[in-house]
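Work through these exercises with the model open beside you. Try each task before you read its solution.

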Amino acid sequence: MDETAETTRAAWAVASQKYEREHEEHLAAGRTAELLPSEVATIGALLPGADVVHPLSGHGLDDLAMVRLGARSVHGLDYSPAALGSAQRRADALGAPCRYTRATLPGSGLPDACADLVYTGKGALIWLADLDAFFAEVHRLLRPHGHVFVHEAHPLVPLWTWEPEEIRVRPDRGYFERQHVNDTFPAHGAVEQQHPLAEVVMACTGAGFTLEHLAEHPEPFWRPDGATAAAWDGRVPNTFSLLARRV
Ligand SMILES: C[S@@+](CC[C@H](N)C(=O)[O-])C[C@H]1O[C@@H](n2cnc3c(N)ncnc32)[C@H](O)[C@@H]1O
């Protein structure tokens, strides 16, 4: 693993300890966790009876939401021991059919054709330098006609300032830069990979998927406590979602 990747892993090892410290709060959140309405509209019909794999599963609250919507199983993959351990503890406490395995994506370590749906996003693709390798792995994991779904921060997001009055572009960021260092939280110091939207789509279709849905959304998937940025007032994109079928 190169130095950048090692710095990022170390930042996540520390940041994920929050899920252990705040076990009770996250357990309470897990009891009622829901996917976003736009996610339910796009993948709700795919979930009943589905075996789901969730690369970069983080706190795993979305896994509990997918189980509630009918998923038969969810297998979360992450490289942070604290994220994995706390997600497993919550799932076990709630009797949810979720299991968590340590993996450094894009390699998953899972067998071929083990999933009906691969679900990921909400701060996932930015940690992967090689999207071609990632979507090739996702393709391998899916059963024929299985789907991959991504709900992710829009690649323009690193450019927006969090100023409340006016939407501004950060002078130190560019849409076509390859990476930048996270200077906020939770993973302060981690190196984020930048993937323009076209790169995401081409990596996905290039791996052998047919695009079924691609949308840009004004709402961020995450608002840091207390922050109200003008960039979140509905005028510019903050997230995108993609659904593609394995051919
Ligand atoms: C912002 S969280 C997002 C995950 C999830 N959507 C959530 O909301 O918790 C990013 C997660 O990706 C994990 N991660 C980052 N790079 C990874 C990699 N190459 N392989 C596996 N896990 C990774 C981190 O440990 C962290 O738990």
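A residue counts as near a molecule or strand if its C-beta atom, placed from the backbone, lies within 6 Å of it. This is a predicted model: local features need pLDDT of at least 70, side-chain atom pairs count only at pLDDT 80 or more, and totals for chains, interfaces and linings use all residues. Residues are numbered from 1 along each chain as its sequence is written.

**Exercise 1. The ligand shell**

Task: find how many residues surround the ligand, and name the closest.

Solution. Step 1: count the shell, which gives 17 residues. Step 2: pick out the closest, namely Trp12, Gly58, Ser80, Gly123 and Trp127. Step 3: learn the classes. Ala, Val, Leu, Ile, Met, Phe, Trp, Tyr, Cys and Pro count as nonpolar, Asp, Glu, Lys and Arg as charged, and the others, Gly among them, as polar. Step 4: sort the shell into eight nonpolar, seven polar and two charged residues.

**Exercise 2. H3 and H6**

Task: describe how helix H3 packs with helix H6.

Solution. Step 1: locate the helices, which are DSSP runs of H or I with at least four residues, while strands are runs of E with at least two; both are numbered from the N terminus. H3 covers residues 23-32 and H6 covers residues 81-94. Step 2: take the axes, lines fitted to C-alpha atoms over the stretch in contact, with angles from 0 to 180 degrees between N-to-C directions. The angle is about 55°, and the axes are 10 Å apart. Step 3: name the arrangement. Under 35 degrees is roughly parallel, over 145 roughly antiparallel, 65 to 115 roughly perpendicular, and the rest oblique. H3 is therefore oblique to H6. Step 4: list the contacts (C-beta atoms, placed from the backbone, within 7 Å). His23, His26, Leu27, Gly30 and Arg31 of H3 meet Ser86, Arg89, Arg90, Ala93 and Leu94 of H6. Step 5: class this contact as three nonpolar, four polar and three charged residues.

**Exercise 3. H7 and H8**

Task: repeat the analysis for helix H7 and helix H8.

Solution. Step 1: H7 is residues 131-141, and H8 is residues 197-206. Step 2: their axes come within 8 Å and cross at roughly 40°. Step 3: the two are therefore oblique to each other. Step 4: Leu131, Asp132 and Phe135 of H7 touch Glu199, Val200, Ala203, Cys204 and Gly206 of H8.

Key:
Contact = placed C-beta atoms within 7 Å.
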